[in-house]
Amino acid sequence: KKLLNTGIKKSMPEVEANRIRISNIVALVPLVLFAFSSIYCIIFDFPRIVYINTAVFIISVVALLYNAKGKYSFAKFLILSAHSATILVYYKLMEDETSMFFYFFPVILSFIVFYNPKKEKKLLVATAVFVLSFIIRF
């Protein structure tokens, strides 16, 4: 529960606190999944996926640290960018499996939940451009 509330201040409005909790969840869930996936990939000798998982694991931890420091917009940027890059790399590793494209929809939907367009315009646009560049690479 403490990890879910990383970066939340008592004086913060509940809506903003919920956005931060959701970004923490989106950073934490892949940590667990990538850890188990990496163990599987080590056992069955898929070193490229272990490298990718390790990179995303590190980026997710850094995003949680940015949330803890109150740099919420940049943490969201890191999370969404890392997930977008991971989807594209997995797509390429799976020899252009077109069904991987559908993994971008949760990333796109997370913009609705993550960002407050009135306060975070610059990083919202930067993240959108970054994510769209990965989608276009498909």
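Residues are numbered from 1 along each chain as its sequence is written. In this predicted model, local features need pLDDT of at least 70 and side-chain atom pairs pLDDT 80 or more, while totals for chains, interfaces and linings use all residues, and side-chain values use heavy atoms, without hydrogens or water.

Helices are DSSP runs of H or I with at least four residues, numbered from the N terminus. The expected span is 1.5 Å times one less than the number of residues.

| Helix | Residues | Length | End-to-end C-alpha distance | Expected span |
|---|---|---|---|---|
| H2 | 47–69 | 23 residues | 33 Å | 33 Å |

Just after H3, glutamate 95 has a positive phi of about 55 degrees.

H2 has Val50, Ile52, Asn53, Val56, Ser60, Ala63, Leu64 and Asn67 as its buried residues. These pack against H1 and H3, contact meaning heavy atoms within 4.5 Å. Glycine 70 follows H2 and has a positive phi, near 90 degrees.

The axes of H1 (residues 14–43) and H3 come within 11 Å and cross at roughly 35 degrees; axes are lines fitted to C-alpha atoms over the stretch in contact, with angles from 0 to 180 degrees between N-to-C directions. On the H1 side, the residues that meet H3 include Ile20, Val26 and Phe34. Their partners in H3 include Ile79, His83 and Tyr90.

Methods: Helices (H or I, at least four residues) and strands (E, at least two) are DSSP runs, numbered from the N terminus. Buried means under 20% relative accessible area, exposed over 50%, partly exposed in between (1.4 Å probe, protein chains only).
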